[in-house]
Each structure stands twice: as C-alpha cells, then as structure tokens.
Amino acid sequence: MTPARTRIAALTGVAALLAGSASALSGIALSDPASAQPDPGTLSLQEDAAPDIPVEAVVAHLDELQSIADANGGNRSTGQRGYEASVDYVQAQLDAAGFVTEVQSFSTRAGTSYNLIADWPGGDTTSTVMMGGHLDSVDEGPGINDNGTGSAAILTTALAFAEANPAPANHVRFGFWGAEELGLLGSTHYVDSLSATQVDDLAAYFNFDMLGSPNPGYFVYDDDANGTALRDSLTALYDEAGIESDHIDVDGRSDHAAFMQRDIPTAGTFSGAEGQMTSAQAAKWGGQAGSAFDPCYHAACDDIDNVDTAALDLNTDLIADTLWAWADHDFDGGPTSVH
Ligand code: DPN
Ligand code: CA
Ligand code: ZN
C-alpha cells in the first residue's frame with residue numbers, strides 16, 4: 001500500500017516562523033464545531049486555544065498498549081502480533097474520529113512491519129504539518145515509555161483535534177512508525193515512498209519519542225539546521241510552562257532523521273533514555289542526578305509503571321499547543337526560504 005497521496009508546493013518562510021514571538025503560539029482559527037465538513041479554503045474567525053489534554057486519556061491508551069503486550073508475549077515488536085495489534089488499536093481510534101487512515105507495509109529482517117498514516121481532511125496540502133512517533137517496541141519488553149508515551153500522546157492530541165473539528169490553514173497528518181527499533185526503518189520507508197513534490201509539500205515534521213521517562217529530562221531536539229523555528233517554538237512552550245529545557249543534539253536517533261535528510265524542517269521533544277541526569281539538570285528539573293533518565297530503557301521493566309505522568313502530561317499539552325499553532329501557521333508569510 002502507499003501513503004495518502006498529496007499535492008505539493010514550495011516551502012517558504014519557515015526560518016522566519018515565530019521569530020521571537022511566543023504570542024504566535026496561542027490560538028488557532030477553528031471552524032464552527034457544528035459544521036460537519038472542514039472547509040479547506042476558509043478559516044473561521046473564531047479563535048480558540050488548544051485544549052488542556054487530560055493525562056488520564058493518554059494513560060488509558062498506555063493501559064491498552066500494556067494489555068496488548070501482556071496478551072502477546074510481553075512485547076509489541078516488529079514481526080510480533082503485539083505490534084500488529086498496536087496498529088489495529090490506534091487505527092480504529094483514528095478512523096472512528098474521522099481521520100483518513102492508511103496502513104503502509106514494508107519488509108524487515110524481522111518480518112513485515114507497518115506504518116500507520118492518518119490525515120485530517122482539508123487544509124492546504126502544499127504546506128502539510130506532520131507529527132509522528134514510533135509505535136513499535138524492542139523485543140525485550142512492552143515499550144511503554146519507549147515509545148508508548150509518544151504514540152499515546154500523539155493519538156490523544158489527534159483525537160482532541162478531531163473533536164474540535166477544525167478547518168486549519170494547513171493540511172495535518174500523523175505518522176505512527178514501525179520498526180524504528182530496527183534502525184528507523186518505517187519512517188525511512190515512508191519518506192522514500194514520497195515523490196519529490198510530496199517531500200516538498202511537507203512544511204514541518206515534529207517527532208515524539210519517549211515523553212514520560214521516570215527520571216524525566218526536558219529536551220528539545222537540536223540536530224536540524226532547518227528546524228530552528230520548530231525547535232524554538234517547542235522551547236517557548238516549555239518556557240511558558242516554567243520549564244527550562246535543554247537543547248540536545250539527538251544526532252538523528254529517531255524518526256525525524258529521514259525527514260531531516262530530505263530537508264524537511266524537523267524538531268521534537270524527549271525526556272531522556274539511557275543517559276544520566278547531571279546535577280545541573282537535577283537542580284532545575286528535580287530528579288536524581290547521576291541516575292539514568294530511564295533505567296528501564298529497552299528493558300522488560302519498561303512497563304506501565306515506568307512512566308512519569310507529570311512529564312507525560314506536560315509533553316502532551318505541548319504537543320497540542322504545537323499542533324494548534326502550526327496547523328494554522330502561514331508558511332508563505334515569511335521572507336526566508338529554507339530551500
Ligand atoms: N530513538 C529512541 C529509541 O527508540 O530507542 C531513543 C531516543 C529518542 C534517542 C529520542 C534520542 C532521542
Ligand atoms: Ca494536560
Ligand atoms: Zn527504543
């Protein structure tokens with residue numbers, strides 16, 4: 001199967017995005033919730049802020065992913081039934097909410113894997129805003145922090161977006177990637193499946209991988225020279241929440257890498273993996289200096305108890321704010337092209 005076809009156009013103005021302006025992050029024009037069909041050509045005059053996403057809704061999805069792992073040999077890894085059940089679960093939720101979903105299959109050394117792509121109808125497809133994260137776990141465990149958290153946070157935000165029934169300026173798409181743990185295979189396959197025009201149509205890609213580490217850090221990806229405006233908007237949202245985040249060179253270690261390599265602007269947030277929290281970080285974030293952000297990284301104990309729900313809540317609300325702002329961003333409004 002192929003991902004949803006989209007038309008594409010030149011990307012301009014991204015580098016000028018939100019330059020020095022946190023106020024640009026508040027509010028998106030939403031359609032009348034009563035109207036059944038988003039109208040891609042018309043923005044409502046109604047301004048509305050992103051909702052505060054209840055973390056309980058995110059945790060409910062994590063509970064489902066834990067149950068899926070429990071019922072399938074303890075993991076949700078590529079080639080295993082637990083991964084396919086994870087895809088089925090997320091797809092059913094998005095379908096019921098009105099997304100147009102597509103499952104893209106591809107081969108790996110561990111068997112067939114799948115990407116799940118979900119499009120919100122409407123918006124300018126030549127300035128598509130995409131968010132994604134990997135849905136697979138490693139073989140060793142259920143992968144609840146890595147990356148049930150990113151998957152559940154994106155899913156919950158997508159469902160809240162559908163609930164608001166917006167008619168955003170830009171087309172909005174979500175990606176749930178397979179086989180990240182085998183070497184970023186799903187996201188790479190997806191990007192490779194796009195035409196040059198479709199790549200050009202992707203105006204921004206936000207990645208979320210590990211958002212509820214039990215000794216949480218608050219990191220913003222800083223490995224993409226084209227992603228500065230995205231990075232700065234994420235940083236501004238942490239600032240608004242009173243969190244002094246750190247920029248981190250994640251060196252392409254997650255699914256934004258394939259997008260970045262094709263010059264699509266990328267950024268993301270991250271609560272830390274096997275690395276250890278420094279005393280400076282512990283001083284500003286709380287937590288245990290000298291301990292791993294996630295002591296259960298890639299281990300059997302990465303289960304439903306391996307999540308800091310406060311960090312997950314903060315990151316989910318940040319995703320919602322990001323989506324609401326960038327879905328309505330004027331990518332043609334700035335003077336600077338990143339291409
Ligand atoms: N890519 C993550 C994993 O799935 O193992 C770890 C990671 C996430 C590393 C984000 C850096 C940044
Ligand atoms: Ca919340
Ligand atoms: Zn991992």
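**Figure 1. Aromatic cluster of Y218, F219, Y238, F270, W285 and F293 in the predicted model.** These six side chains form one aromatic cluster, where rings of Phe, Tyr and Trp (its six-membered ring) pair if their centres lie within 6.5 Å, and planes under 30 degrees apart count as stacked, over 60 as edge-to-face and the rest as tilted. By this rule the model holds 16 aromatic pairs. The model is predicted, with local features requiring pLDDT of at least 70 and side-chain atom pairs pLDDT 80 or more, whereas totals for chains, interfaces and linings use all residues. Residues are numbered from 1 along each chain as its sequence is written, chains are lettered from A and ligands numbered from 1 in the order in which they are written, and side-chain values use heavy atoms, with hydrogens and water left out.

Figure 2. F219 and W285 form an edge-to-face pair, 5.3 Å centre to centre with 85° between the planes. Since F219 lies in strand 8 (residues 219-221) and W285 in helix 8, the pair ties together parts that are 66 residues apart in sequence. F219 is buried, at 6% relative accessibility, as is W285, at 13%.

**Figure 3. Strand 7 and its parallel partners.** Seven of the seven residues of strand 7 are buried, so the strand is largely enclosed by the rest of the structure. Strand 5 (residues 124-134) pairs with strand 7 in the parallel sense over five bridges; two strands pair if DSSP finds at least two bridges between them. T128 has L202 of strand 7 as its bridge partner. Strand 10 (residues 266-270) also runs parallel to strand 7, to which four bridges join it. The bridge partner of F206 in strand 10 is A267.

**Figure 4. Hairpin of strand 3 and strand 4.** Two residues separate strand 3 and strand 4 in this hairpin. Strand 3 (residues 100-108) and strand 4 (residues 111-120) are antiparallel and share nine bridges. Opposite V100 stands D119 of strand 4.

**Figure 5. Site of the zinc ion (ligand 3).** D146 (OD), E181 (OE), E181 (OE) and H298 (NE2) coordinate the zinc ion at 1.9 to 2.6 Å. Donors are N, O and S atoms within 2.8 Å of the metal (3.2 Å for Na, K and Ca), and water is not among the atoms, so sites may look incomplete. The donor residues are spaced D-x34-E-x116-H in sequence. D146 belongs to helix 3 (residues 144-164) and H298 to the loop between helix 8 (279-285) and helix 9 (309-326), so the pair ties together parts that are 152 residues apart in sequence. D146 is buried at 3% relative accessibility, whereas H298 is partly exposed at 28%.

**Figure 6. Site of the calcium ion (ligand 2).** The calcium ion is coordinated by D52 (OD), I53 (O), D313 (OD), D317 (OD) and D317 (OD), at 2.2 to 2.7 Å. Along the sequence, its donor residues follow the spacing D-I-x259-D-x3-D. D52 is exposed, at 60% relative accessibility, whereas I53 is buried, at 3%.

**Figure 7. Surroundings of ligand 1.** Of the 13 residues around ligand 1, those that come nearest are H134, E180, D209, R253 and Y297; a residue is near a molecule or strand if one of its heavy atoms lies within 4 Å of it. An N or O atom in the side chain of D209 is 2.8 Å from a nitrogen atom of ligand 1. R253 places a backbone N or O atom 2.7 Å from a nitrogen atom of the ligand. An oxygen atom of ligand 1 is 2.6 Å from an N or O atom in the side chain of Y297.

Note on methods: Buried means under 20% relative accessible area, exposed over 50%, partly exposed in between (1.4 Å probe, protein chains only). A polar contact is a pair of N or O atoms within 3.5 Å; within protein, one must be able to donate a hydrogen and the other to accept it, and residues adjacent in sequence count only if both atoms are side-chain atoms.
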